[in-house]
Each structure stands twice: as C-alpha cells, then as structure tokens.
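User: I am new to this structure and would like to learn how to read its features. Please take me through them step by step.

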Amino acid sequence: MTSIKVGDIVARKSYGLDLLFKVKSIRKIDGVNECELKGICCRLMADAPENDLELVSEDRIAREVLSNKEFINR
C-alpha cells in the first residue's frame with residue numbers, strides 16, 4: 001500500500017471515490033493513521049482512516065477541477 005502524505009489528493013473508498021480531498025494533517029489514533037481532509041471542489045471537511053483513502057490520478061484531478069464551475073469561479 002502506498003503511504004498517504006500531507007498534501008496528497010485522495011478520495012474515500014467507503015464513499016465510492018465520489019469526492020476529492022486534500023490531506024491536511026495525519027495523526028495516529030489507537031494505532032491507526034487518521035487523516036484530516038479538506039474538499040477540493042466543495043466546501044467540506046472530513047476525516048478518514050488512511051486505509052480508506054486512495055490516491056487520485058492527476059488526470060482525474062484535472063477533469064474534476066475543470067468540470068466544476070463553482071471551483072473555477074472562486
């Protein structure tokens with residue numbers, strides 16, 4: 001498994017990889033790396049265990065950002 005780092009762009013497996021997040025911080029809770037996440041194209045904060053996260057390809061990041069008018073107009 002690839003290790004998730006602060007600054008990585010990820011999606012949550014448990015939600016069908018529906019939204020993109022940037023990893024803001026990582027802390028160990030009960031032996032599990034818990035990641036604090038900030039939405040890329042929506043105003044949303046979340047957290048998830050590292051094993052629920054999947055790194056997102058640069059192609060998908062570009063598609064999501066370019067197709068999201070709200071993000072472009074910020």
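Analyst: Start with a definition. A charge sits over a ring if NZ of Lys or CZ of Arg is within 6 Å of the ring centre and within 35 degrees of the ring normal. Keep in mind that this is a predicted model.

User: Which charged end sits over the ring of Tyr-15?

Analyst: That of Arg-12, which lies 4.0 Å from the centre of the ring.

User: How many aromatic pairs does a search of the whole structure find?

Analyst: The search finds zero aromatic pairs.

User: How do the elements of the chain run from the N terminus on?

Analyst: The order is β-β-β-β-β-α-α. That makes five strands and two helices. The chain has 74 residues, and 31% of them count as buried. As for contacts between residues at least 6 apart in sequence, 40% join residues at least 24 apart.

User: Is Asp-52 buried or exposed?

Analyst: Asp-52 is buried, yet it has no salt bridge. A salt bridge needs a side-chain nitrogen of Lys or Arg within 4 Å of a carboxyl oxygen of Asp or Glu. For Asp-52, the nearest side chain of opposite charge is Arg-12, at 5.6 Å.

User: Which side chain is joined to that of Asp-52 by a polar contact?

Analyst: The side chain of Ser-14, at 2.7 Å. Leaving out residues up to four places away in sequence, Asp-52 touches Ala-11, Arg-12, Lys-13 and Ser-14. Asp-52 itself is in the loop between strand 4 (45-49) and strand 5 (53-55).

User: Why does Gly-39 count as buried?

Analyst: Gly-39 counts as buried because its relative accessible area is 9%, and buried means under 20%. Gly-39 belongs to strand 3 (residues 32-39). Apart from neighbours within four places in sequence, Gly-39 is in contact with Leu-20, Phe-21 and Leu-44.

User: What should I look for in phi?

Analyst: The general idea is that most residues other than glycine have a negative phi. In this structure, Leu-17 has a positive phi, near 55°. The phi of Asp-30 is also positive, near 50°.

User: Where is Leu-17, and where is Asp-30?

Analyst: Leu-17 is in the loop between strand 1 (9-12) and strand 2 (21-29), and Asp-30 is in the loop between strand 2 and strand 3. Leu-17 is partly exposed, at 24% relative accessibility, whereas Asp-30 is exposed, at 76%.

Technical notes. Residues numbered from 1 in each chain as written. Predicted model: local features only at pLDDT ≥ 70, side-chain atom pairs only at ≥ 80, totals over all residues. Heavy atoms only, no water. Helix = DSSP H or I, 4+ residues; strand = E, 2+ residues; numbered from the N terminus. Buried < 20%, exposed > 50% of the residue type's maximum accessible area, 1.4 Å probe, protein only. Lys, Arg positive; Asp, Glu negative; His and termini not counted. Polar contact = N/O pair within 3.5 Å; in protein donor to acceptor, adjacent residues only side chain to side chain. Contact = heavy atoms within 4.5 Å. Phe/Tyr/Trp six-rings, centres within 6.5 Å; stacked < 30°, edge-to-face > 60°.
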